[in-house]
Amino acid sequence: MLNQTMGGIMPTNSDYKYGGTVVVVNSGLQTPFSINPLSPQAQLPIVPEIYESLFYVNTISGEITPLLGVNYKWEDNNLKLIVKVRNGVKWSDGTPFTSNDVAFTFNLVKKYPSFDVSGIWKNSGLQSVEASGDTVIFNFSKQNTPLFVNIASQYIVPEHIWADIKDPTTFTNTINPVGTGPFLFKSYSPENQTTIIVKNPNYWMKGRPYVDQVEIQNVNSNNTTLLMMLKHEADWGSSYFPDIMNIWVNKDPQINKIYWPVNNFNALYLNTQKSPFDNPIFRKAISIAIDKNDLEQKAYFGIGGVANPTGIVPAQIGEWLDPTLAPLASELNTYNPQKAQELLASIGFKKNSAGQLTDPNGKTLPTFKILVGAGWTDFITQAQIISENLSKLGISTIIDQAPWSAYISSLMSGTYDMAICWGISGPTPYYVYYQRLNPAFSASKIGESALSDYSRYTNPLITSALEVYASTSDIRLQKQAMYTIERIVLDDVPFIPLTNRTNFSNFSAAKFVGWPSDSDPYCAGGATNGQGGEIILLNIHLK
């Protein structure tokens with residue numbers, strides 16, 4: 001079960017100064033003019049500010065913030081989830097919000113599978129969703145307590161409007177979108193890529209938001225974003241800047257703020273359906289032959305830190321890492337090329353007279369490719385260092401820069417040798433292991449598509465532990481299941497976590513304060529198009 005401490009939004013303070021326009025700058029491609037909160041297609045980055053979910057789940061800490069939902073509980077041996085909805089909420093057109101809106105939304109997602117991007121209905125065990133008074137009841141045919149996170153984050157739409165839409169999959173919702181959120185849509189200019197939202201005067205959370213307006217500008221590069229931030233023409237930007245401390249923070253530490261919390265990790269995936277990567281000792285040797293501190297310093301300038309070899313993010317280690325595994329985890333993260341060579345020798349892999357690594361039959365290993373995305377400078381930097389590290393073992397590699405379509409296709413089809421890619425974020429380690437080690441998302445041979453188990457490693461003990469976790473809401477039992485998986489991950493090394501992966505939130509305190517920070521991590525950070533964006537805009541206020 002997740003941490004049920006209901007946090008994330010600070011108590012309303014009437015002494016704070018109200019008003020002001022928050023200027024947000026995003027770098028990227030032009031955004032289509034759509035505000036359909038159910039569509040998986042690209043849309044204006046304002047959906048979380050207009051439409052709300054039942055809860056906001058901080059995917060770093062697991063902390064839950066109640067929004068349209070007040071509380072939840074599992075019943076009937078975890079086959080029934082009951083959510084109590086908030087009273088006194090009105091849609092922005094004045095119509096009362098009820099539990100019927102929630103049930104309608106989930107059943108609409110069921111009716112149109114293209115809306116079900118998080119897998120709420122598909123093979124999840126969810127059978128029905130029905131309203132009953134001020135509660136919504138989710139009935140399951142099998143236990144699946146981790147699905148709560150997906151249910152909690154589903155945007156809710158008003159039944160009195162959406163029931164009459166003939167085809168909601170093509171509905172752009174650009175004329176007066178009706179939501180329950182703290183802001184209302186005002187305008188969008190495709191010419192200058194600027195979107196404006198204004199304060200909802202009838203928002204259910206009294207006294208919020210403090211700010212009057214948010215102006216979101218889309219620009220063509222990270223450099224433009226940085227320049228606008230430095231000139232105080234923008235208050236908030238969510239872009240990666242190399243050497244962020246020197247080019248932003250240190251120029252004015254009292255004003256220039258960052259919140260880059262670790263919410264994920266980057267990993268080297270080894271194709272376990274190819275020799276020699278099918279050998280766990282070979283994989284372990286690769287892990288300790290990589291100088292992960294060097295990777296982190298040169299790719300991220302010391303911001304995120306080295307990843308834990310279990311894939312558990314720092315904020316969750318205290319709660320979820322088996323303390324008895326700390327020595328083994330430390331060993332895997334300690335750069336030790338000599339021990340790596342010894343491990344390889346123990347399974348018959350030795351250098352020949354030319355310094356090349358040979359297999360147990362004396363055959364020289366081929367040159368392996370390290371797959372990265374074309375132009376992804378952080379991954380390319382890491383691949384270069386890994387290539388240098390492995391050359392000391394006598395392993396020859398080249399870096400394979402591929403455009404996105406070829407990159408993801410190679411990962412999923414299993415045609416790669418080694419690849420650098422990210423992990424999976426979630427409020428507990430379960431979500432990483434479920435996506436990356438679940439046989440349902442794997443494949444039995446090269447060429448078949450593995451949806452997310454890119455290493456193609458499976459283990460029946462891991463599969464069983466995932467099922468135990470999903471069957472219970474008892475955190476003690478869930479921890480035991482995770483401890484089982486963690487030990488196997490450290491022993492078998494199905495993938496090699498390299499560096500921590502962070503959110504990129506850059507703030508200016510020139511006009512507004514109350515931003516999240518390492519000392520006040522009330523949300524997971526992010527941009528206005530993520531649920532954390534609403535939480536941030538509910539907390540900040542004029543200086």
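How many of the 8 residues of helix α14 are buried? In helix α14 (residues 430–437) the number is 6, so the helix is largely enclosed by the rest of the structure. Buried means under 20% relative accessible area, exposed means over 50%, and partly exposed lies in between, with a 1.4 Å probe and protein chains only.

This is a predicted model, in which local features need pLDDT of at least 70 and side-chain atom pairs count only at pLDDT 80 or more, while totals for chains, interfaces and linings use all residues. Residues are numbered from 1 along each chain as its sequence is written, and side-chain values use heavy atoms, with hydrogens and water left out.

The buried residues of α14 are Y430, Y431, V432, Y433, R436 and L437. Their cover includes the helices α3, α15 (460–471) and α16 (475–492) and the strands β13, β18 (418–422) and β19 (495–502). Helices (H or I, at least four residues) and strands (E, at least two) are DSSP runs, numbered from the N terminus. Contact means heavy atoms within 4.5 Å.

Y430 and Y431 also belong to an aromatic cluster, together with W320, Y434, F441 and Y469. Rings of Phe, Tyr and Trp (its six-membered ring) pair if their centres lie within 6.5 Å; planes under 30 degrees apart count as stacked, over 60 as edge-to-face and the rest as tilted. By this rule the model has 38 aromatic pairs. In the pair of Y240 and W260, the ring centres are 5.9 Å apart and the planes stand at 40°, so this pair is tilted. Y240 sits in the loop between β11 (236–237) and α6 (244–247), and W260 in the loop between β12 (256–259) and β13 (262–270), so the pair ties together parts that are 20 residues apart in sequence. Y240 and W260 are both buried.

**The four-stranded sheet**

An open sheet of 4 strands runs in the order β4-β5-β7-β6, with antiparallel pairing. Its edge strands, β4 and β6 (126–132), each pair on one side only. From one strand to the next, the twist averages 15°. Two strands pair if DSSP finds at least two bridges between them. Helix α2 (residues 99–111) packs on this sheet and touches β5, β6 and β7, and its direction makes about 155° with that of β6. Axes are lines fitted to C-alpha atoms, for helices over the stretch in contact, and angles run from 0 to 180 degrees between N-to-C directions.

Strands β4 (residues 69–75) and β5 (residues 80–85) form a hairpin with 4 residues between them. In the turn, D76 has a positive phi of about 55°. Residue K80 of β5 faces E75, and in β7 (residues 135–140) the bridge partner of K80 is N139.

| β4 and β5 | 6 bridges | G69 and V85 |

Not counting residues up to four places away in sequence, S141 touches L79, G125 and Q127. The C-alpha atoms of S141 and D278 are separated by 37 Å, and these residues are 137 residues apart along the chain.

**Strand β20**

In a regular strand the side chains alternate between the two faces of the sheet. In strand β20 (residues 505–508), S505 and F507 point one way, N506 and S508 point the other way, and all are buried.

**The nonpolar core and the cysteines**

A nonpolar core is a set of buried Ala, Val, Leu, Ile, Met, Phe, Trp, Tyr and Cys residues joined through side-chain atoms within 4.5 Å. The largest one has 163 residues, and those with the most contacts inside it are L54, F106, F138, L268 and F282. Leaving aside neighbours within four places in sequence, the contacts of L268 include I286, I290, I370, M418 and F495.

A disulfide is a pair of cysteine sulfur atoms within 2.5 Å. The count by this rule is 0 disulfides. C421 counts as buried because its relative accessibility is 0%, and C523 is buried at 0% relative accessibility.
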